[in-house]
Every structure is written in C-alpha cells, then in structure tokens.
Amino acid sequence: MASDTEERLRAALRDKLRLRTVPAWDATALLPSTRLLLKRREVAEVERVLQSQREEFRQRMERLEQRWQQLGQRKDQLRDVILKFDAFLKVSAVRQERALRRADEERARAAGRGAEAARLHRELTALLQCRERLARRLRSLRGFGDYLRGVLARTGQFQDVPAMLAHFGALAGARAALAQQAEAGQERLAQGWARLRRYQEAAGSELLRTNDELAQLRAQLEATRRDALQAESHWAHIQSTATQKTLLLGRIKLAVLNLFQLATARLSVPAKVAPEDTEAQLDTVLLCMQDLAAICAELRPRQPGPRPPRSPVATSVRPLRHHGARVPPSQE
C-alpha cells in the first residue's frame, strides 16, 4: 500500500514539473546576460513549482498521518470491541455450560429419586413379606409358648418365660464351652503325643548319628595311635642313628687330632690350627704325608727303567686353611 502511494506521488510530481512551452529563441541572437536571466527565470519557476509541490506533499502526508492515527484508534476500538465480544461469548458459553450441567444434575437427581423410590418400594414389599412370614411363624410357635408357660407353672423357680429361657441358654452355653474345652484338650493332647513321637524319632536318629560319629572317632583314634607309635619308633631309630653317627664323628675327630699332633710333633711343623678344625688338620696331615713321600722318593736309589707313577695322594694337594703353614722339604 505504501509503495502504491509513493508511485502515485511521484507520477503527480512529474506531471506538475512539466513546464510550459517556452518560445524558441535563437541562441546566437540572445546575449549571455539574457540567456542567464532566462535560465534564472526557469530555475525560479522550477523552484516555485517544487515548493508548491513540497507543501502539497507535506499537507497530504499530514492528512495521511491523521488518517493513520484515526485508523489506529479505530483499530484499537475494534480490538476492544472484539475482546468484549469474546468475553461475552465466553461468559455466555460458561453460563450455557452451567445451565446444561444444572439440567443434567436435575435429571440425575430426578432419576436418583425414581431409583430411590423404587428401592424403597422394594424394601417395603420385602418388609411386608417378612412380616407375613413372621406372623405365620408366630402362629406356628404358639403351641411352644403354651408349653413353656406350662413348664414355668410346674417348676415355680423362675419369674417368667424369658428368665427361664435365659437360664437354660446359659446352661447350654456352659455345656458348649465345656465341650469346646474338652475338644481343645483332646487336640492339645494329640499334638503333644505327635510332638513326643517326633522328638523320639529325632532323638533316635541323633543317637544313631552320634554312635556312628563315635565309631568313626574311635577308628581315627586307633589310626592316630598307630601313626604315633610308628613315628615314635622312627624317631627312636633316628636318634639312635644320630647317636651312632655322632660317636663315629667324635672318634674320627679324635683320630685326626691324634694324627695331626703326631705329625706336627714328629716333624716339628709350626701350624696354627684350632683343635676343632678337623678339615685343616686333615690338610696339614696330608701335606706332611706328601712331603714325606717326596723325601722318600728322593732318598730311594734310582733304578733304570720307567719311573713309577706318583701316588694319587701326592697329586691332590690342597692349601692349608685357618692359617696352616706348609713346611718346605729343605727344612724337614
């Protein structure tokens, strides 16, 4: 809409800017000042036309602005009217819904009243039937009433028939209670016998299981005793063997010590060996024997023929330990 208005304004402006036809002048015949005046006149005419068009455009824009304001006010009024109409429609819908709900409730209450009336009618019919039935039973029990009155007159112990009936009812209740207690006692007695039987069965099974465990434990005890006897005999054998080995070791140590002392005493070998160091003593004795064998071999006259081989003892020379001194053959 705004673009259409702008196009129309532009078209009107172009129409009004069209100048009237100016008579043709000979450009060569006019003076420069005259041409300048003509140009100025044309410019003034154009400016006047533009000013009038601007004023007309401004007035038109003011009218359009007023029109727009009127349209906005009218729009606001229409909006308020629409809102009021919507509110009126909502209120009408609520009222109509309320009226419909009230009508439904009234119909439901009416139906409920009808159902209640029908139920009450059925109950009244049932009560009338019960009354008729009770009346017939009363007529049929009238003979029993005469009998009870006769009994009351014969006994003379009670004031009226209800008291007599209450007494006999109490007696019947006590009898029923005693019968119930006796039945409960019988039931408890049966339960006790059943528990006793279960206990006896459980005790018998437990006794059997205990006897089996006792037999197994006895067998295990006998096996343990046999194992203990075997272990004791084996330990005694080990101790006796250890004792024998210890005695033999002591004898060997004494023999080695005697040999060591004899060898060192005879050969005057200085050796610092502890008395308990048997291996060092053996090494010292071995060295002494090797030296003696070497001396004997040197002193023995040599015979022609192959030289006898050396003793294996002489080849197994080991150094002394624990500061054992080896004496050279020259000193010996």
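Me: What share of the chain's 332 residues counts as buried?
Reply: First, a heads-up: this is a predicted model, where local features need a pLDDT of at least 70, side-chain atom pairs count only at pLDDT 80 or more, and totals for chains, interfaces and linings use all residues. Residues are numbered from 1 along each chain as its sequence is written, and side-chain values use heavy atoms, leaving out hydrogens and water. Buried means under 20% relative accessible area, exposed means over 50%, and partly exposed is in between (1.4 Å probe, protein chains only). Of the 332 residues, the share that counts as buried is 10%.

Me: How much accessible surface does the chain have?
Reply: Accessible areas come from the Shrake-Rupley method with a 1.4 Å probe, and for residues only the protein chains shown count as cover. Carbon and sulfur atoms own 60% of the chain's accessible surface, and the total is about 28700 Å².

Me: How many helices does the chain have?
Reply: Helices (H or I, at least four residues) and strands (E, at least two) are DSSP runs, numbered from the N terminus. Starting at that end, the elements go α-α-α-α-α. There are zero strands, and the helix count is five.

Me: What percentage of the contacts with a separation of 6 or more joins residues 24 or more positions apart?
Reply: A contact means heavy atoms within 4.5 Å. Take the contacts in the chain with a separation of 6 or more: the part from residues 24 or more positions apart is 61%.

Me: Which residue meets arginine 48 in a salt bridge?
Reply: Look in helix H2 (residues 32-155), three residues from arginine 48, about one turn of the helix. The N to O distance is 2.1 Å, and the partner is glutamate 45.

Me: Which helix holds arginine 209 and glutamate 213?
Reply: These two side chains meet in a salt bridge at 2.9 Å, N to O. Arginine 209 is partly exposed at 40% relative accessibility, and glutamate 213 is partly exposed at 38%. They are four residues apart, about one turn of the helix, in H3 (residues 161-267).

Me: Which residues do salt bridges that share partners join into one network?
Reply: A search of the whole structure finds 13 salt bridges. Salt bridges that share partners make one network out of Glu55, Arg58 and Glu62.

Me: What is the area of the nonpolar surface patch that includes Leu64?
Reply: Patches are made of residues with over 30% relative accessible area and no salt bridge, joining like charges within 9 Å and nonpolar side chains (Val, Leu, Ile, Met, Phe, Trp, Tyr) within 5 Å. Leucine 64 is found in helix H2. Phe57, Met61, Leu64, Trp68 and Leu71 make the patch, with an area of about 460 Å².

Me: Which element has the lowest mean pLDDT?
Reply: pLDDT is the predictor's confidence in each residue, from 0 to 100, and the chain averages 78. Over residues 308-332 it stays under 50. Where pLDDT is low, the predicted coordinates should not be read in detail. H3 has the highest mean, 87, while the lowest, 38, belongs to helix H5.

Definitions and conventions:
Salt bridge = Lys/Arg side-chain N within 4 Å of Asp/Glu carboxyl O.
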